[in-house]
Amino acid sequence: MQGLMMDMPLLISSILQHADRHFGDTEIVSRRVEGDIHRYTYSQCHQRARRVADALTRLGVHNGDRIATLAWNGYRHMELYYAVGGMGAVAHTINPRLHPDQIAWIVNHAGDSYLAFDTTFLPIIEAIAAKCPTVKGWIAMIDADKHPVSDKIPNLINYETLLSGGNDDFQWPELDERSAVALCYTSGTTGNPKGAMYSHRSTVLHAYAAALPDAMGASSRDSILPVVPMFHVNAWGLPYTAPMVGAKMVFPGPALDGKSLYELFETEGVTFSAGVPTVWLGLLQHVKQHDLKFSTFKRTVIGGSACPPAMIRTFNDDYGVEVVHAWGMTELSPLGTLSKLAGKHQKLSPAAQQKILEKQGHVIYGIDMKIVGDDGQDLPWDGTTFGNLLVRGPWVIKEYFKGEGGDPLVYDKEGRGWFPTGDVATIDADGYMQITDRSKDVIKSGGEWISSIDLENLAIAHPAVANAAVIGVAHPKWDERPLLIVARKPGAEVTREELLKFYEGKIAKFWMPDDVQFVDAIPLGATGKILKTRLREQFKDYTLPTA
Ligand code: AMP
C-alpha cells in the first residue's frame with residue numbers, strides 16, 4: 001500500500017522562495033571587490049536571482065548546461081547559486097587558488113558554457129580564455145561602471161548589465177529533484193581532479209541535516225558568516241541552510257585577514273561561523289594581539305582538516321566560543337560527522353568532555369558509516385581499532401562526473417554500495433568517529449600504525465610552533481618512521497631536543513618522531529590543507545639519523 005502524501009520535489013529554488021516569503025526583510029551583507037559593504041534582503045536576492053535566471057535563459061542556457069564561477073563569498077555568487085541551479089542548469093564552482101592550467105583543465109572537463117568571475121581573478125581569466133573553447137562568454141561580477149577592459153577575453157559580459165536585461169517575473173521550473181544542481185571538483189592531491197555532481201534532492205536534504213541542533217544548529221536568530229569559501233563544496237551548504245532557517249548572512253568577500261573578519265563579526269553581530277583551521281589562526285592572532293573580545297560570536301564549525309585541540313581550548317576558554325569539530329568531504333556535500341556532547345556526557349569532567357569534542361564526531365542522521373580492515377571485514381567500534389572509513393547516504397556521491405575513475409563504491413554482502421573515504425579512523429562505542437589519518441599519510445612502523453594527525457596536533461600546542469607536519473620516512477628496520485617538520489613562529493626559538501621532549505609522556509614511546517626538521521613555512525594546498533605530497537618530495541633524499 002502506498003502512502004497518500006504529496007509528491008513535492010525537493011528543489012533549491014523553494015529554499016530562496018521560502019526565505020523571500022517568510023524572512024523577506026532579513027539581511028545579506030557582503031564585503032565586495034569594489035571595496036565597500038553591500039547590504040540587501042532575501043526578497044531582493046530572490047528578485048535578482050530570478051532576473052539572472054531569465055537573462056541566462058535569453059543567452060541560450062539550457063537544462064544541464066554548466067555555468068562556472070570563480071568568485072569569493074558574496075551576494076552575486078549567492079544569486080548565481082540559485083539562478084543557475086534553480087533554472088535547471090548546473091552551478092560549477094571553481095577554486096581560484098588552483099594553478100591557471102588546472103582551472104583551464106577543469107573548465108574543459110566540465111564543458112562550461114559561461115564563466116562568471118570576481119575581477120580579482122581577471123589575470124586568471126586572461127591566462128585561460130584562449131584555452132577554453134566551450135566557454136561562450138565571460139561574466140565580470142562587478143558594477144557596470146567598473147567593468148574591466150581586456151583584449152585577451154572574447155565576449156566579456158558585465159553581470160549587472162546582463163541582470164538588468166532579465167525579467168523578475170521568471171518562474172522557477174518544477175524540475176525532477178534528482179536533476180543536477182551544482183558541481184565541485186575534488187582538490188585532486190593525487191591524479192586529476194574529479195567532479196562531485198550534487199542533485200537538488202541531495203542539496204536540500206543536506207541543508208535540512210546541517211541545520212539540526214546537533215549539527216550546525218542554525219536558526220533565524222543567527223547571523224552567519226561563512227569563512228569557508230563558496231568555491232569549495234558550497235561553503236559547507238551554508239548558502240542553502242541559512243535561507244532555509246531565515247538566518248542573516250554575512251559574506252567576507254576577498255578580505256579574509258584577521259582584522260577584516262573581526263570587523264565584520266562585530267559590526268554585523270555574527271553569532272556563528274565556519275571554516276578550516278588555518279583561517280582561524282589569523283583571526284585568533286589578531287584578537288590576541290589587540291586584546292579584543294567577541295561580543296556576539298558564540299560558536300563555530302571547524303573542519304576540512306583536523307582541528308588542533310589547542311585551538312578548541314583557546315576559542316572556548318579565552319573567548320567563550322564553542323567549537324564544533326566536523327568532518328566531511330567534497331564527495332559528501334560535505335558534512336558527515338560533527339562533535340557535540342550527548343546527554344550522557346553532561347556529567348563528565350571538563351577534561352573528559354574535551355576529549356570527546358576533539359574527535360570528528362557523530363554522524364548526522366542520513367549518513368551511515370563503518371570502519372573495515374584491508375580485507376573488507378567490519379572492525380569493532382571500541383575507540384582504539386583503526387580502519388578504513390566507509391560511508392553511505394543520500395548526499396554521498398555514487399559516481400564521479402562523466403564516470404571518471406570507474407565505480408568508486410565497494411559493495412557489502414547485501415549488495416549495498418559504500419563510498420570509501422580514503423580516511424583511516426576509529427569509532428568508539430557511542431559512535432564518535434576520530435580520524436587517524438588519510439590512508440596514504442598514516443605511518444606504518446613495524447606493522448603498527450602511527451597517526452600523523454595526533455603528532456601534528458601535539459606539536460602545534462607548543463608555544464613556539466606556527467605549524468607542523470609529520471610524514472613517514474623510509475626506515476630499513478621499521479619500514480617507516482615519523483619525521484616532524486616544523487615552521488617556527490616569527491622570532492620564536494625552539495630546538496629539536498625541546499620539541500621531542502615536549503612529546504614525552506603524551507604518546508606511546510614508538511610514536512616518538514625520529515627527527516625534527518625546520519622549514520620557513522608548511523606548504524598548504526588550495527583548500528588550506530597541508531600538502532604532504534610536496535613535503536615528501538622536498539624530503540625525498542633525506543635520511544633519518546636512526547636509519
Ligand atoms: P575535501 O574533499 O577537499 O574537502 O577533503 C576531504 C578530506 O579532508 C577528508 O577525506 C579528510 O581526509 C580531510 N578532513 C576533513 N575534515 C577533517 C577533520 N575534521 N579532521 C581530519 N581530516 C579532515
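Tutor: Strands (E, at least two residues) and helices (H or I, at least four) are DSSP runs, numbered from the N terminus. The model is predicted, so local features need pLDDT of at least 70 and side-chain atom pairs count only at pLDDT 80 or more, while totals for chains, interfaces and linings use all residues. Residues are numbered from 1 along each chain as its sequence is written, and side-chain values use heavy atoms, with hydrogens and water left out.

Student: OK, how many bridges join S18 to S20?

Tutor: Four, and strand S18 (residues 387-392) runs antiparallel to S20. Gly387 sits opposite Ala425 of S20 there.

Student: Which residue takes a positive phi in the hairpin of S20 and S21?

Tutor: Gly431, near 90°, in a hairpin with five residues between the strands. The hairpin of S19 and S20 also has five residues between its strands, and Gly415 takes a positive phi near 85° there.

Student: How many residues of S20 are buried?

Tutor: Nine of eleven, so strand S20 (residues 417-427) is mostly covered. Buried means under 20% relative accessible area with a 1.4 Å probe, protein chains only; over 50% is exposed, and in between is partly exposed.

Student: New topic, helices. At what angle do H3 and H9 pack?

Tutor: About 85°, with the axes of helix H3 (residues 75-87) and helix H9 (residues 238-245) 11 Å apart. That makes H3 roughly perpendicular to H9. On the cut-offs, 65 to 115 degrees is roughly perpendicular, under 35 roughly parallel, over 145 roughly antiparallel and the rest oblique. Axes are lines fitted to C-alpha atoms, for helices over the stretch in contact, and angles run from 0 to 180 degrees between N-to-C directions.

Student: Which residues meet there?

Tutor: H3 brings Met78, Tyr81 and Tyr82, and H9 brings Pro239, Tyr240 and Pro243. By class that's six nonpolar residues, no polar and no charged ones. Here Ala, Val, Leu, Ile, Met, Phe, Trp, Tyr, Cys and Pro count as nonpolar, Asp, Glu, Lys and Arg as charged, and the others, Gly among them, as polar.

Student: How many residues of H9 are buried?

Tutor: Eight of the eight, so H9 is largely enclosed by the rest of the structure. Just after H9, Gly246 has a positive phi of about 80°.

Student: Which residues touch the most other members in the largest nonpolar core?

Tutor: Ile28, Tyr42, Met78, Tyr82, Val301 and Phe419, out of 92 residues. H3 supplies the largest share of this core, eight residues. Apart from it lies another core, of 31 residues, including Leu70 and Trp138. A nonpolar core is a set of buried Ala, Val, Leu, Ile, Met, Phe, Trp, Tyr and Cys residues joined through side-chain atoms within 4.5 Å.

Student: And what does Tyr42 touch?

Tutor: Leaving out residues up to four places away in sequence, its contacts include Leu16, Phe23, Ile28, Met78, Pro243 and Met249. Contact means heavy atoms within 4.5 Å.

Student: Back to sheets. What order do the nine strands have?

Tutor: S2-S1-S11-S10-S12-S13-S14-S15-S16, an open sheet with mixed pairing. Strands S2 (37-41) and S16 (362-363) are at the edges with a single partner strand each, so one side of each has no neighbour in the sheet. Inside the order, strand S13 (residues 299-302) and strand S14 (residues 322-328) pair in the parallel sense over four bridges, with Arg299 opposite Glu322 of S14.

Student: And the sheet of seven strands, what's its order?

Tutor: S7-S6-S5-S3-S4-S8-S9, again open with mixed pairing. Strands S7 (156-158) and S9 (195-199) are its edges, each with a single partner strand, so one side of each is left without a neighbour in the sheet. On average, neighbouring strands of this sheet are turned by 25° against each other, direction ignored. Strand S6 (residues 137-140) pairs with S7 in the parallel sense over three bridges, and Ile139 stands opposite Ile157 of S7.

Student: Which strands does H7 lie across?

Tutor: Helix H7 (residues 200-211) lies across S8 (180-185) and S9, at about 80° to S9.

Technical notes. Two strands pair if DSSP finds at least two bridges between them.
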